[in-house]
Structures are given as structure tokens and as C-alpha cells.
Amino acid sequence: MSLQSDTPDPKELESLLRQLSPKALDLDLLDRLEQAADGSLESLSLEEMQFEASLRRVKPSALPENFFNCLEQQLSSTPFPVNKKILLFPKAAPEAVKPARFSRSMWSAAAAVAILGASAALLLPNRSASVSPIQQASNHLPASVPAPLADRVSPTNASLVPAGFERGLNSTRDEGIYWDSSNTPHRVLRVEYMDHYIMKSKDGKTYTTNLPRTQYILVPEKVD
Amino acid sequence: MEPPPDMASLQTPEKSPAANAWRAWLEENGPKLFLFARQQTRSTEDAQDVLQDALVKLVEKLRSGEFVGGQESWMPYLYTSIRRLAIDLSRKDDRRKRREDNVSADQEAEQRDAFHPWFESDASDDETRSQLEESLKDLPAKFSEVIVLKIWGEKTFAEIGETLQISQNTAASRYRYGLEALKKQLGGARRRGDLSI
């Protein structure tokens with residue numbers, strides 16, 4: 001087959017090209033096309049699976065230490081979403097959540113009882129003349145509880161009446177997720193108060209005791 | 001003389017929950033991502049760069065709330081990002097090389113890579129590790145990337161197709177061609193019993 005001239009006319013060229021036929025597909029390609037058609041292309045032979053398993057036994061190298069530390073530093077300031085409901089925060093986990101709350105509540109409860117006791121003693125008609133109501137109330141306090149009013153007022157001379165009470169909310173903070181012993185997640189909210197106990201003496205002086213209080217509130221977190 | 005301090009004792013105590021979770025995630029998934037980054041790039045340094053950039057992109061999207069999907073979508077996103085970043089880097093490098101024709105820099109990069117092998121090994125498997133790494137590097141990239149994603153990335157053919165923007169069937173056929181080619185390259189050493197695979 002050859003061209004009659006260096007500049008064949010299109011018809012001659014077309015005729016020549018029609019005499020050519022595409023080469024037959026090689027067997028590998030034929031197999032591949034057949035497997036693609038019948039959906040078995042993704043199925044590996046036994047030999048392929050064995051080779052694949054042997055390759056899998058070779059593990060990729062760990063990240064170089066410096067590089068790992070660099071990446072860790074960049075990631076650690078980002079909240080880590082465990083799932084749609086649970087997000088781990090990039091701040092120190094709360095330590096000993098329950099015991100801290102428990103002991104603080106005890107102190108504040110004891111102080112509140114002391115104040116109430118003192119107020120009740122003042123209001124009651126039969127009072128001991130020898131012991132001031134503040135001292136009486138203080139005597140009932142646990143020995144280790146600081147007696148805020150007793151520290152600030154002479155227990156023998158002053159006669160104080162409750163003049164007011166204010167609870168100030170200082171701050172609230174989300175401390176993240178806490179998992180209890182039954183593996184139930186709880187969101188930990190830290191609430192800081194400042195309680196103000198106001199007492200007035202007969203001579204018109206006002207005494208204020210400020211008692212800071214921290215409360216940890218555990219709110220059960222909804223999970224799927 | 002006192003023994004050197006245990007590394008664990010030098011770690012900052014009381015890491016935040018997020019920091020601990022990220023560390024654990026990085027320890028589990030970092031090697032797979034780094035292997036893919038190395039397969040996609042020309043040097044260890046380039047692999048570190050593209051992996052770091054891909055992770056930064058992910059956390060930026062997480063922080064801004066733009067990321068669609070849960071944690072199960074992170075790896076597909078990262079593989080795709082690594083690939084795109086590697087392609088961009090390769091184009092920049094090609095342009096630079098046409099300008100500079102910096103052959104010695106490539107040789108230095110190859111020497112540095114020799115100290116950072118792709119695979120773990122103990123003394124008995126060192127030959128295996130080395131042969132496997134060389135064979136993967138010699139394979140055409142379109143085969144080696146599918147092999148890396150399938151075997152060490154543990155991706156399905158459908159996921160590989162999405163990552164590489166090819167059809168599932170193309171991913172499967174490249175994988176099987178690649179395995180065959182890899183077996184042939186490793187064939188001599190395996191027959192001699194030099195390799196444990």
C-alpha cells in the first residue's frame with residue numbers, strides 16, 4: 001500500500017486509510033474490560049490477596065519526632081469534635097470536680113447556718129445577757145470554719161442585726177465534658193459567686209462579709 | 001550518673017482533653033497520611049510541607065464551622081488536599097527547575113531522604129523495607145498512589161476514585177496493574193528469599 005504522489009488527494013488518502021484495521025485488543029485489556037462489564041474488576045485473586053496481605057504487614061514509618069511535635073502544637077489549640085454532640089476543649093481538664101464542689105458547699109452551708117443562727121438569736125425575745133448572739137452563733141460553727149463575722153466584730157460588745165444579703169454572680173465557664181463512672185457524659189459548668197452578708201450594729205455601722213463560692217454543675221449531655 | 005529522664009515524665013502534665021485527643025489521632029493517622037504525602041511529592045521536606053498545609057486547612061475549616069461532615073470525613077478530605085497541594089508544589093518546582101536547573105539540590109534531597117525511610121523495619125526486614133520503597137518509587141505514580149491508598153490508607157476503590165478523581169473501575173484496574181508490576185519488581189528478591197513479603 002503506498003501513496004501515488006507526495007500530495008495525495010483526499011479520496012486516495014481516505015481509500016488507503018479504509019484498508020487499515022484497528023489492532024485487536026490484547027488479552028490483558030480484554031480481561032479487564034470483561035471484568036469491568038461484569039463487575040468483578042474489584043475482586044482480587046487469591047494470589048493478589050496474599051501479596052496484598054504481605055504488603056500490609058510492612059508498616060509506614062511514624063512521623064519524625066520534631067515534625068510530630070510541631071503538628072501537635074498547631075492542632076492542640078483547636079477543639080476536637082468527637083461527634084456532633086461532643087466537643088473536647090483545648091483547656092485543662094477539671095480536676096477532682098466532685099470533691100471541690102462538695103467541700104465548698106459544706107463551708108458555705110456552715111457559714112449560712114451561722115448567719116441564720118445569729119439572726120434568729122437576735123430576733124428571739126429571751127437572750128442571754130452574758131453571751132452575745134454572735135458569739136452564741138459562732139460557738140455552733142465547726143471549729144475549722146472561718147467565722148466571717150466573728151473575725152470582724154468584737155463578739156462581746158457588738159450587737160448586730162442582719163441588714164441584707166446579696167448574691168453576686170461573678171463568672172460562668174464551660175469546662176468541657178466529664179465522663180462519670182457509668183460512662184455518661186456531662187457538661188461541666190463552673191459558676192463563681194460572691195455572697196455578701198450585711199450586718200448593722202446599733203450605732204449604725206455596717207459590716208459586710210464577702211464569701212466567695214464556686215459551684216460545679218454537671219448537666220447530662222445528650223448523646224445518640 | 002543519673003539515668004536520662006524518661007520522655008513520658010517530661011511531657012507537660014494535665015494536657016487538655018483536646019490536646020490528648022489530637023495526639024492520639026495524629027499517632028494513629030499521621031503515618032498513613034505522611035506515606036501518601038511522600039508518594040505524591042519529591043522529597044521528605046515537601047511531604048512534610050504538604051501534610052502540614054493540609055492539616056492546617058482542615059483545622060481552619062473546623063474552627064470556622066465550614067467543614068461538612070463528621071470525623072469520618074477528615075481522612076478523605078486530607079488525602080484530597082495532600083494530592084492537590086502536591087500537584088501545585090510540583091508545578092512550582094518544575095517552573096523553578098526550568099529557571100535554575102538545580103541538579104545538585106535534587107541529589108541532596110535524595111541523600112536526606114535516605115535517612116527517613118518510608119517504612120518501619122527491624123534489622124531482619126531492612127532489605128524488605130528498602131526494596132519496597134524503591135519499587136514504589138519506580139512504579140508510575142498513577143499505580144503507586146492507588147496502592148498506597150488501598151493498602152496503607154485502607155480506602156475502598158470508591159473512596160480512592162473520589163480522592164483521585166477517577167472512576168471506581170479505573171482505580172481497581174490501576175491497583176491490579178500496580179500490584180502485578182510491584183510483584184515483578186520485587187520478584188527477583190522474593191525468589192531468592194531475600195524479602196519477607
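Predicted model: local features only at pLDDT ≥ 70, side-chain atom pairs only at ≥ 80, totals over all residues.

Residues are numbered from 1 along each chain as its sequence is written, with chains lettered from A and ligands numbered from 1 in the order in which they are written.

A nonpolar core here is a set of buried Ala, Val, Leu, Ile, Met, Phe, Trp, Tyr and Cys residues joined through C-beta atoms within 7 Å; buried means that 20 or more other C-beta atoms, placed from the backbone, lie within 10 Å of a residue's own. The largest such core has 45 residues, and among those touching the most other members are Phe36(B) and Val50(B). Helix α2 of chain B, residues 17-40, contributes the most, with 8 residues; helices are DSSP runs of H or I, at least four residues, and strands are runs of E, at least two, numbered from the N terminus. Apart from this core lies another, of 6 residues, including Tyr197(A) and Met199(A).

Turning to chain A, strand β3 (residues 160-179) and strand β4 (residues 185-201) pair antiparallel over 17 bridges, where pairing requires at least two DSSP bridges. Trp179(A) faces Pro185(A) in β4(A). In their hairpin, with 5 residues between the strands, Asn183(A) in the turn has a positive phi of about 65 degrees. Strand β5(A), residues 206-220, runs antiparallel to β4(A), joined by 15 bridges; there, Gln215(A) is the bridge partner of Val191(A).

Conventions:
Buried ≥ 20, exposed ≤ 12 C-beta atoms within 10 Å, placed from the backbone.
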